[in-house]
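I opened a new page today to get to know a structure I had not looked at before. These are my notes, in the order I made them.

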Amino acid sequence: MYRWLVPAVSEGAVVVTANRRLARSLSADYAGSMLAAGSAAWATPEIVPFRRWLKTLSASASGPQASCLSQAQARVLWERCLSSELGEAPENLAALVRASEQAWSMAAAFEVPLAELLEQAENRDQGVFARALRRYLEALDTEGWVDEASLTARITDLAERGQLAVPASLVVAGFDRLTPAADRLFASLEKHGCRLSRRTQPAAAPIPTRACPDREAEWRAAGHWARDVLSRDPEQRLAVVVSGLEKHRDAAARLIREGLTPGWQTEGGGAQAAVNVSLGATLDSYPAISVALLVLRWLGGALTSRQLGVLLRSSTIGVERSDARARLELSLREIASREWTPVRVIRVLGRLAKDPDTEDFFERLKALDALLREQPQRATPGGWASVFDAALRTLGWPGALSLTSDEQQLVNRWRDLLNEFAELRRVIGVCTLGEAAARVRQLAADAVFQPEDTGAAVTVLGPLEAAGLEFDALTITGLDAASWPPPGRPTPLIARAIRTGYGLPDATPDDTRAFALRVLERLSGSAAAVTGSYAAVDGDSEQAVTTLPAVREDASAGEDPGWHATALSQLCRVVPVADDPVPPVADDEAIRGGAGTIDWQLREPFAAFASGRLGIRRVGPFAEGLTPQLRGNLLHEALFHLYATLPTQGQVRAWLGDDLEARLRDASRRAIARHRVAAGSTLERLFDLEERRMRTLLERVVKLDAERPPFRVSSVEGREDGRLWGLNLSLRHDRVDESADGSLLILDYKTGARKRFAVKGEPVDYQLVVYAAAQAASVSDLGLVNVDSRDVGIDGVGVHLSGDADFAETLKGWVETVAEAAAGLARGDVRINRAQSARDARPLALLSRYQELVRSVR
């Protein structure tokens with residue numbers, strides 16, 4: 001490949017490429033050629049992307065030179081000029097800056113004078129852009145700066161004045177369209193003695209293009225094509241060009257992998273690395289960088305519970321193991337959401353867990369807080385960059401695990417980003433910590449990162465990224481009439497007359513079509529074997545192949561291998577299932593979940609196994625304010641404090657006197673006290689309101705108890721650990737009352753909507769039955785105490801609650817039912833309840849394969 005490369009470099013030519021990918025590919029190819037020729041060492045060839053080459057020329061020019069602004073520095077200057085022009089910084093300033101940068105880059109490349117932009121502005125937006133550009137250019141001139149957009153013209157001027165070391169030989173490769181500014185630069189270099197060669201890929205025969213049923217099938221077929229080629233010759237260099245890759249990056253990569261390596265998701269990292277996607281993602285979308293940005297946000301303010309949860313779960317913070325922090329994150333979900341500062345985290349969460357992992361985390365938070373206390377109100381970007389780096393090191397970022405090559409590249413890119421931020425001192429001077437953190441977040445959102453290709457079997461790239469590249473075989477997807485030619489996207493900040501007059505890209509439909517044809521013709525000559533495909537249907541729309549003459553339709557259909565999971569399911573029908581039953585419960589095995597697990601066994605044995613024996617815990621979502629679960633827990637705790645002295649009914653009636661309010665206030669305050677730690681003013685107000693609501697509900701419970709038949713509270717929040725039905729269970733009831741006849745009434749508090757204990761003579765929930773079976777004394781009643789602003793009352797059955805004189809026999813039958821369920825749990829019964837709803841099955845569906853089970857019996 002690239003047969004021209006070795007001779008050109010041997011003659012001392014500088015190779016200038018349209019993009020970095022082509023420069024890397026040429027450098028790698030040259031190194032391979034040298035090794036193949038038996039060379040042990042060689043001079044590094046000068047193969048550079050166009051922009052980097054311009055900066056190198058500028059730096060080597062003789063005489064005083066203007067300082068070149070980085071893209072980040074230029075954006076700050078654009079922000080300032082646009083804000084000055086508009087009178088204030090608009091909410092969409094970042095988007096306006098990007099649009100202005102693009103328009104100015106286009107105007108500079110096509111040599112459009114500022115005067116014409118000012119004179120021919122057709123609307124307010126174009127006028128604002130032109131006037132802001134005037135401010136921008138005046139600032140560049142005043143400060144002696146030059147930006148990347150005007151660098152080409154600057155280098156041309158240096159060449160004309162004899163201040164430039166003109167290369168003896170220059171090869172230009174990978175340019176689909178040379179702008180007038182670039183053309184003028186190359187012409188000037190030729191005039192001053194440079195031998196110029198332009199490498200282009202000549203058009204080959206029209207690309208044979210096959211139809212696929214839909215887009216997913218098309219991408220899988222592309223992967224299958226690569227698999228077929230590589231099976232015949234593993235050394236082939238292959239590429240899949242995806243039209244609209246910027247919109248379909250993740251989906252296309254996933255489905256191409258599906259066609260190349262069916263079942264790649266279970267094959268480890270090597271199967272994923274076999275496909276390299278050239279288009280990177282924004283830097284802030286990578287988890288490690290997202291965590292770093294959260295830390296920076298924390299330095300300038302507080303985090304939400306959801307954001308703090310990310311830090312607790314992340315392996316890029318602190319010591320290697322994070323299991324204990326993950327458990328702490330589960331506890332965080334049960335705590336009222338608040339604005340979390342490092343100090344508040346230590347005060348509130350520090351008492352919930354004590355182990356090496358969490359202790360390490362809290363010690364790091366203390367060091368982070370000390371670091372923040374030492375910082376000034378304002379500092380230069382370089383000063384803040386040092387603080388950010390120190391803060392991340394304090395928290396142990398990027399983690400204790402060894403980094404892979406891709407991860408190390410990511411960390412290096414982050415450090416480069418901090419350096420770019422530090423260089424902003426030239427344009428912004430000093431700023432606050434919050435402003436600095438926001439600026440770094442914006443830089444990360446604008447930066448695109450893609451790890452270097454380490455020799456993937458298949459390269460996936462867009463049509464423009466493939467410029468100049470050569471492959472052994474190439475397939476192009478998305479060759480439908482709607483995509484080729486693509487819709488034109490002329491810059492809206494430049495008047496139509498200027499776009500047409502100066503020949504800017506997409507100025508006319510003819511220009512868009514001609515450029516699309518040029519790209520396809522170039523792709524047709526990029527490999528010895530080039531094929532194409534298109535989706536016959538996209539959503540609800542039928543599609544046809546493009547009419548561009550570089551493509552011809554092939555009547556044969558694209559070969560879609562289908563989903564690997566579908567083929568596997570067909571295979572599984574004839575593959576015997578291994579006889580691997582769940583083992584019985586061991587004598588020393590503790591069952592988690594107590595009575596709740598026995599109740600699950602009655603309704604869904606697999607859920608009982610998952611929660612009671614495997615210890616799987618359903619993770620609830622974060623919620624703002626006081627969640628219903630938290631309010632229910634607070635009320636349970638307040639009822640515990642209210643009845644902790646185990647009063648008789650006579651004593652409860654006595655409370656209705658003068659000291660009731662004091663009792664209610666003490667119980668509610670004690671329940672909320674630990675939640676008020678470092679709560680903040682807003683949460684404190686919510687707790688005040690909740691405390692008032694709780695006092696009202698507690699008073700209604702007291703009045704309800706005062707009207708009941710005589711009783712004595714026997715136990716509150718009682719815990720019984722022991723062996724029941726051959727199982728080691730830990731049971732915890734809300735309350736047990738002893739009636740005047742010595743029998744027990746077991747009560748369970750329920751908050752929220754009113755709940756029934758039994759329907760049609762059967763308990764809705766058998767947990768109270770399990771509690772009854774564990775009691776040595778006779779149980780006469782079981783009931784739910786509904787405690788809600790809409791209803792406070794007891795719903796239950798028994799001798800005293802419903803006048804059931806035969807309740808003992810009824811309870812005996814219920815106990816037999818739960819004993820049978822416990823026996824099923826003990827022997828390893830993990831049946832799946834097909835009658836449950838998909839919603840109820842969803843939390844454990846990946847393990848139970850509920851959907852497959854339901855479909856198999858239809």
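I began with Pro 485, which is found in the loop between strand 15 (471–477) and helix 22 (496–501). Helices here are DSSP runs of H or I with at least four residues, strands are runs of E with at least two, and both are numbered from the N terminus.

Before going on, I noted that this is a predicted model, where local features need pLDDT of at least 70, side-chain atom pairs count only at pLDDT 80 or more, and totals for chains, interfaces and linings use all residues. Residues are numbered from 1 along each chain as its sequence is written, and side-chain values use heavy atoms, with hydrogens and water left out.

I looked up another cis peptide bond, from Trp 397 to Pro 398, with omega near 10 degrees. Pro 398 sits in the loop between helix 18 (381–394) and helix 19 (405–422). Then I checked Ala 678, in the loop between helix 29 (660–673) and helix 30. Its phi is near 50 degrees, a positive value in a residue other than glycine.

**Overall build**

I found 35 helices and 28 strands in the protein chain. The C-alpha trace spans about 115 × 70 × 55 Å along its principal axes. What is the radius of gyration of the protein chain? I got 36 Å, while a compact globule of 858 residues would have one near 29 Å. The radius is taken over C-alpha atoms, and the globule rule is 2.2 Å times the number of residues to the power 0.38.

Next I traced an open sheet of four strands in the order 2-1-5-6, with parallel pairing. Strand 2 (47–49) and strand 6 (195–199) are at the edges with a single partner strand each, so one side of each has no neighbour in the sheet. Neighbouring strands in this sheet are turned by 25 degrees against each other on average, direction ignored. My rule for pairing is that DSSP finds at least two bridges between two strands.

Inside the sheet, strand 1 (residues 14–17) runs parallel to strand 5 (residues 169–173), and four bridges join them. I picked out Thr 17, which stands opposite Ala 173 in strand 5.

Which strands does helix 3 (residues 50–60) lie across? I noted strand 1, strand 2 and strand 5, with the helix running at about 100 degrees to strand 2. Helix 9 (residues 180–191) lies across strand 5 and strand 6, at about 140 degrees to strand 6. Contact means heavy atoms within 4.5 Å. Axes are lines fitted to C-alpha atoms, for helices over the stretch in contact, and angles run from 0 to 180 degrees between N-to-C directions.

**Around strand 7**

I followed strand 7 (residues 207–214), which runs parallel to strand 18 (residues 551–557) and is joined to it by five bridges. Arg 210 has Asp 554 as its bridge partner in strand 18. Strand 7 also pairs in the parallel sense with strand 16 (residues 527–538), over five bridges. Here Ala 211 stands opposite Tyr 534.

I then turned to an open sheet of five strands, in the order 20-23-24-27-28, with mixed pairing.

Strand 23 (residues 735–739) and strand 24 (residues 744–751) pair in the antiparallel sense over four bridges. In this pair, Glu 738 stands opposite Leu 744. Helix 30 (residues 681–706) packs on the sheet, touching strand 20, strand 23, strand 27 and strand 28, and its direction makes about 40 degrees with that of strand 28. Helix 27 (residues 628–642) lies across strand 20, strand 24 and strand 27 (779–788), at about 145 degrees to strand 24.

**A salt bridge**

I counted 55 salt bridges in the structure, each a side-chain nitrogen of Lys or Arg within 4 Å of a carboxyl oxygen of Asp or Glu. One of them joins Arg 439 and Glu 79, with the closest N and O atoms 2.9 Å apart. The pair links distant parts of the chain, as Arg 439 is in helix 21 (residues 433–446) and Glu 79 in helix 4 (residues 71–86), 360 residues apart.
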